[in-house]
Amino acid sequence: MQPLANITLLKPAGAIEVRNVGQVFKTTTQDVVALEDVSLDVKPGRFVVLVGPSGCGKSTLLMMMAGLRQQTSGTITISGAPIPEPDPNRVGVVFQEASLFPWLTAEENVEFPLALRGITKSDRRARAQDALKLVGLDGFGKRHPHELSGGMKQRVSIARGLVQDPPVLLMDEPFAALDEQTRMTMGDELLRIWAATGKTVVFVTHSLTEAVYLADEVIVMSPRPGRIVDHLQVSLPRPRTYEMLSGDTFGSLRDRIWRHIRKSA
Amino acid sequence: MQSGPGVKAARVAILVALFAIWEILSRTGIVNPRLLPSASDTLMTLSDLLQRASVRKDLAVTATEVVTAFALAVPVGALIGFLIAENRYFADVAKPLLFFAFSIPKSIFLPMFILVFGVGFAQKVGFGFFSTIFIVIMSTTTAVESVKVEHLTVARSYGATPMQTAFRVYLPSMLPVLLEALRISMIFNLTGIILAEMYASRDGIGHQIATWGENFQMKQLLAGVVMIAAIAIAFNELVRWVETRCSHWRT
């Protein structure tokens, strides 16, 4: 814990720096370049969305930011320090729907990261309650995942990502398995939680609408090899509303991303 | 798997009916009572047999063999299964071979066990072990494969140590499959041991049953059948009860 405190004096907590990062997967037959020379700066408290077709390396990049995978070249720092392995005090990760442990209740799932650190039961329970309240699931703690809807399960996942109060939240296509209405509602919910907590969020998605609707900045990526082809600032005011989806600004941003993706598909 | 009172009553009714038919067939002489002693006679013989020191000794011998073979086959099989499942190369090489071994009826190897181990404790335990281990290996690989990669990634992303991953992710994920494996393994184990006893032995309840059969002691033979059946069912139901308690989350 101590070195982290010193580092945060130099770099604000929640800043992400990606410098000339490359990732090569070696297979028996050939080397596949998953990412090539990717550089990116995320300022603390920003909501950044990575978007692009399958194979563009957006999830790979996210996994490297989480310390779950190491880059072949280049450097990544979170809050000013490299991330050679997962560090739940700096980074919380939210995965797709199937990531909750089905044998644990909602609150036990949220407590899981704390239980690994040996935090006392009562302390754990209190912090899990706070996190569940934050995501709007007060009173659902005793339910098992199979008793929750898809949207509620993802709220639990977000609560689990936030329970240790890390400055950065990484989200890997968290709403991909949800139906359209739930997805829109969850987007609004996520923006509310983000505004309330001030976390840096990096969010991976396939959906162009979701990307523009949620983001401060959209990073467009393209495959073979995976690289960044565009970096858009979304100037739409906050809070975002459903009406903005049909506006000109929204449309032109969406078109610009689509043109990149069509080219690479 | 929830069953209402109606279903349960129907099950009891079928059991009672079976015993009633048995009783009637024997009492009315439709089936020669020397060939099929009545249910009540059989149950009486059973309670009489359970009082006998020699039968108790046979039961103890069989129980020791069963427990020993099981206690050896389960951990060894589980370890082999785990190593196979955790290594892609081993899994590719070994899995078809295991299926080959599993498909062979184990009983044809019994004469070899007698030649190697002689007639006695080692032969029974060895054959029980051999009858059981393949199903344990295969079930364990299935159990390991039932652990979701997503769950392992979650554990890793929250900094779980290998020990924490083993106890907090692997074990609970595998538990329902493992308990089912334990239950089915015991069926194989019991079959193996009893068969070994019936084929060549000096003691054990399987040996007794074979002897009663050869001597045309039908009451004792049927009582033995009922006894073994009851013991096997009791173990099976016990594990099944634990299973449902541990896997309520599997829907």
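**Ground rules.** I am working with a predicted model, where local features need pLDDT of at least 70, side-chain atom pairs count only at pLDDT 80 or more, and totals for chains, interfaces and linings use all residues. Residues are numbered from 1 along each chain as its sequence is written, and chains are lettered from A and ligands numbered from 1 in the order in which they are written.

I checked residues 5-9 of chain A, where pLDDT stays under 50. For this stretch the model has six contacts beyond four places in sequence. I count a contact when the C-beta atoms of two residues, placed from the backbone, lie within 7 Å.

**Domains of chain A.** I found two entries: domain 1 (16-90 + 168-264) and domain 2 (96-165). The bounds come from an automatic or database domain assignment. Their C-alpha centres lie 24 Å apart. I see 17 residues of domain 1 of chain A in contact with 14 residues of domain 2 of chain A. On the domain 1 side, β7 (168-172) and α6 (180-197) of chain A are the elements that give two or more residues. Helices (H or I, at least four residues) and strands (E, at least two) are DSSP runs, numbered from the N terminus. The largest share of that side, seven residues, comes from α6(A). By class, the domain 1 side has ten nonpolar, four polar and three charged residues. Here Ala, Val, Leu, Ile, Met, Phe, Trp, Tyr, Cys and Pro count as nonpolar, Asp, Glu, Lys and Arg as charged, and the others, Gly among them, as polar.

**Chain A against chain B.** I find 16 residues of chain A in contact with 14 residues of chain B. Helix α3 (residues 106-116) of chain A gives the largest share of the chain A side, three residues. That side divides into 13 nonpolar, three polar and no charged residues.

**A helix pair in chain B.** I then looked at α7 (residues 149-157) and α8 (residues 162-199) of chain B. They pack at an angle of about 165°, with their axes 10 Å apart. Axes are lines fitted to C-alpha atoms, for helices over the stretch in contact, and angles run from 0 to 180 degrees between N-to-C directions. α7(B) and α8(B) are therefore roughly antiparallel (over 145 degrees) to each other. H151(B), L152(B) and A155(B) of α7(B) meet T165(B), R168(B), V169(B) and S173(B) of α8(B). I class this contact as three nonpolar, three polar and one charged residues.

How values were computed
pLDDT is the predictor's confidence in each residue, from 0 to 100. Angles under 35 degrees count as roughly parallel, over 145 as roughly antiparallel, 65 to 115 as roughly perpendicular and the rest as oblique.
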